[in-house]
Amino acid sequence: FVDTTEAVISITTNEPATCHYATTPGVSYSSMSGRFSYYDQTKMFHTSTIKGLKPGQARDFFVRCQDLAGNVNTGDVLISFSVAPY
């Protein structure tokens, strides 16, 4: 078996942006502790490595992004996945 302890989550925006995430819904963008890195110079492809995963664990991440004009999406975008059990 393979012991999966980390995964990469990603999101694509339709314009250059900076994206953050939280593990609970409804957190304001400025209070979100998780940060995405840019996949390339367009600032439209964002990734983050999630570490410390355990077999059988389900994870939810609530994402908000801010464009270059300072606009933040008002609702969370959900990224959800599960780690297969042994």
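Ring pairs join Tyr21, Phe36, Phe61 and Phe81 into a cluster. Here, rings of Phe, Tyr and Trp (its six-membered ring) count as a pair if their centres lie within 6.5 Å; planes under 30 degrees apart are called stacked, over 60 edge-to-face, and the rest tilted. Keep in mind that this is a predicted model, where local features need pLDDT of at least 70 and side-chain atom pairs count only at pLDDT 80 or more, while totals for chains, interfaces and linings use all residues. Residues are numbered from 1 along each chain as its sequence is written, and side-chain values use heavy atoms, with hydrogens and water left out.

Let's look at the rings. Searching the whole structure turns up 3 aromatic pairs. Take Tyr21 and Phe36: their ring centres are 5.3 Å apart and their planes sit at 80 degrees, so this pair is edge-to-face. Tyr21 belongs to strand E2, while Phe36 is in the loop between E3 and strand E4 (37–38), so the pair links distant parts of the chain, 15 residues apart. (Helices, H or I with at least four residues, and strands, E with at least two, are DSSP runs numbered from the N terminus.) Tyr21 and Phe36 are both buried, meaning under 20% relative accessible area, as against exposed at over 50% and partly exposed in between (1.4 Å probe, protein chains only).

Then there's Phe61 with Phe81, a stacked pair with 6.0 Å from centre to centre and 20 degrees between the planes.

An open sheet of 4 strands runs in the order E3-E2-E6-E7, with antiparallel pairing. At its edges are strand E3 (34–35) and strand E7 (77–82), each pairing on one side only. Two strands pair if DSSP finds at least two bridges between them. Strand E2 (residues 17–22) and strand E6 (residues 58–67) pair in the antiparallel sense over 6 bridges.

Cys19 has Cys65 in E6 as its bridge partner, and these two cysteines also form a disulfide, with their sulfur atoms 2.0 Å apart. A disulfide is a pair of cysteine sulfur atoms within 2.5 Å, and the structure holds 1 of them. The link of Cys19 and Cys65 is right-handed, with 105 degrees about the S-S bond. Cys19 lies in strand E2 and Cys65 in strand E6, so the pair ties together parts that are 46 residues apart in sequence. Both Cys19 and Cys65 are buried.
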